[in-house]
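The structure comes first, then the notes.

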Amino acid sequence: MAGWSEQRGKAILLPMANIDTDQLIPARFMSTPRAEGYGRFLLHDVRRTSEGEMDPEFPLNAHPDACILVTGRNFGSGSSREAAVYALVDAGIRVVVAPSFGDIFAGNAVNNGLLPARVSEADAKLLTKTLSSGVGTGVADLASRLLLIRGVSVPFQLDDVWRTKLLNGWDDIDLTRHHSAEIAAYRGRILSEPGRFPAGDAP
Amino acid sequence: MSAPLTLLDRLWSMHEVLCREDGSALLWVDRHLVHEGSHHAFARLAERGLPVAEPGLTFAVVDHYAPTRRAGPIADPAIARMIETLRGNAARHGLRLFDLDDPDQGIVHVVGPEQGLTLPGLLITCGDSHTSTHGAFGALAFGIGATEVAHVLATQTIWQRKPQAMRITVDGALPAGVSAKDIALNWIARLGADGAQGHAVEYAGSAIRSLSMEGRMTLCNLTIEGGGRMGMVAPDEVSFAYLRNRSQAPRGGDWHKALDNWQALASDADAMFDRDVALLAEEIAPIVTWGTSPEQALPIDASVPIPDTLPPAKVQAARAALDYMGLVPGRSLAGTPVDQVFIGSCTNGRIEDLRAAAAVLAGRRARVPGLVSPGSARVKAQAEEEGLDRVFTEAGLDWVASGCSMCVGMNGDLVAAGKRCASSTNRNFRGRQGKGARTHLMSPAMVAAAAVTGTLCDVRPMLRGRPV
């Protein structure tokens, strides 16, 4: 995965709270191999009318080339399905801006190069107002932890560790394998602790 | 003297392989549970040509796509392929697999404790958000994403930043007809679906001590619906009695040594929590959800909210939810007709849950159809031994095999669009039980009551004169 330091592109508004990962990708699509692409599943049922047609007024339908999504609190709550992040990333989204994120979702996002940019409730309101027409140009900068949307600049919060991962596009498995000696030593220490390894099926 | 510690502090430091200066800790994983949905992670491992680091600590369970009607081959090729893929990965890496025909098969969060794989003091991960369930035994247990699953498979460790500590204390005695499900929905309604975000929640107080392991598991399971990735209860005699003689639990001298260690797993009396919340058990009533987030929940004797009277930040979401749910603001929740019921899931599919539902249904007929799916094959066998299956079938409900079933609908057990389901599950999200499905979450006893009357209703009067 490639790292990045700045994203620049179309920002759109999805002014809803509690968008859970079941809405981001309904369960029925999750048996699809990743290589087939998940972008077409993003918000599959939310972006369609009750008749199953694409709703032309839905922001993502009107602006399929958007890369910054500004939305409500508790985005990505619920199921741990990383497929929700695959759907966003495969649809071209690189930055989600919200007052809060589901803990598991936020971790999954960073592991796939997607920035969960946390802003204050007041700044979320400001951005919602700024984007009331539905769309605008936006920039997200990791170094300064600043968003600039239609000329309005607001700071976002991001854990240092996560920022480093996004900047470098690091893969944790490579990182961890450098610590194999420490892991082996830990394993040796706990080997005799009762319960740390399963007893095995009863004799 | 050293600073007082929380249970979280103790569990965390026990598992730290190392801690970086930036605060990120590499933690050892004692048990890693995988299921059909873990296919992305196994694919990543294959791409890199890596083996599973600790096959003896990795357990595979068929649950998310498990058909609940087991006769004959699986009709849907996509579902059959998901199960086949897990079988292939388990065989390739030498993992113990709880397959469809295994007498110990079930939902991963029911099987772990049942097998004694879940123990106090362990760190348990699984690519499923309801992994918080296992914290009921005083374990550090949390759901992870596919990239993290691949990492645990490859290294048996996981990078995490320590969450903040939150305590929810529930004192007093729960009234009859009120259960752990109601405690959970009560605090989530109060604090919000993100109320515990960034926190590990420890449950304490006399009402928690009085809960069975099943009740504690329900409570820890639902912690994620309030935003907390981990829930936990300090282990005690109730936990030890549950675990003794479980097939994978320590035996003989090891059992006694383990008990000594486990008894120290508690928060110090003067430990400081980043957040403290207190509830009174006597004030908790049976709760149902009315909306499309678990925070949209009210006692059964309340009325459907009038959006304009809610705090401004909640108005729009309430309007959208009521529109989706087809409910009329101001009308009483009780009396709302339901089309079907579901009893099961990792939240409320254990033996005690089935007993609670059967206590309401005994000698009564359901007015609507419904599915009862035990949380595991063992729970199913136990229920059949107790005659609970006959209570359900004589009431007119379908008694089927175990799996995640209608909680997530991946196996084809779905609620049709526009239909209303009283459900003992964990998520009332839009489309969770099927596209356009309307889900009301409640306890198994409340689901049983809804089955009998064909409407949302208060279970308490229906329990009078009955053994509960």
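This is a predicted model: local features need pLDDT of at least 70, side-chain atom pairs count only at pLDDT 80 or more; totals for chains, interfaces and linings use all residues.

The notes below are grouped by topic.

**Cysteines**
- Over all chains, the count of disulfides is zero.
- B:Cys220 takes part in no disulfide, and the nearest cysteine sulfur, which belongs to B:Cys346, is 12 Å away.
- B:Cys220 has 0% relative accessibility and therefore counts as buried.
- B:Cys407 is likewise in no disulfide. The nearest cysteine sulfur to B:Cys407 is again that of B:Cys346, at 6.0 Å, whereas a disulfide requires the two sulfur atoms to be within 2.5 Å.
- B:Cys407 is also buried, at a relative accessible area of 5%.

- A:Asp123 belongs to helix H5 of chain A, which covers residues 121-130.
- Although buried, A:Asp123 has no salt bridge. The nearest side chain of opposite charge is that of A:Lys125, 11 Å away.
- Leaving aside residues up to four places away in sequence, A:Asp123 touches A:Val154 and A:Pro155.

**Positive phi angles**
- Most residues other than glycine have a negative phi.
- A:Asn74 is not a glycine, yet its phi is positive, at about 60°.
- In chain A, the loop between strand S2 (68-71) and helix H3 (83-90) holds A:Asn74.
- A:Asn74 counts as buried because its relative accessibility is 1%.
- B:Ser345, also a residue other than glycine, has a positive phi near 90°.
- B:Ser345 lies in helix H12 of chain B, residues 345-348.
- With a relative accessible area of 1%, B:Ser345 is buried.

Key
Residues are numbered from 1 along each chain as its sequence is written. Chains are lettered from A and ligands numbered from 1 in the order in which they are written. Side-chain values use heavy atoms; hydrogens and water are left out. Buried means under 20% relative accessible area, exposed over 50%, partly exposed in between (1.4 Å probe, protein chains only). Helices (H or I, at least four residues) and strands (E, at least two) are DSSP runs, numbered from the N terminus. Lys and Arg count as positive and Asp and Glu as negative; His and the chain ends are not counted. A salt bridge is a side-chain nitrogen of Lys or Arg within 4 Å of a carboxyl oxygen of Asp or Glu. Contact means heavy atoms within 4.5 Å.
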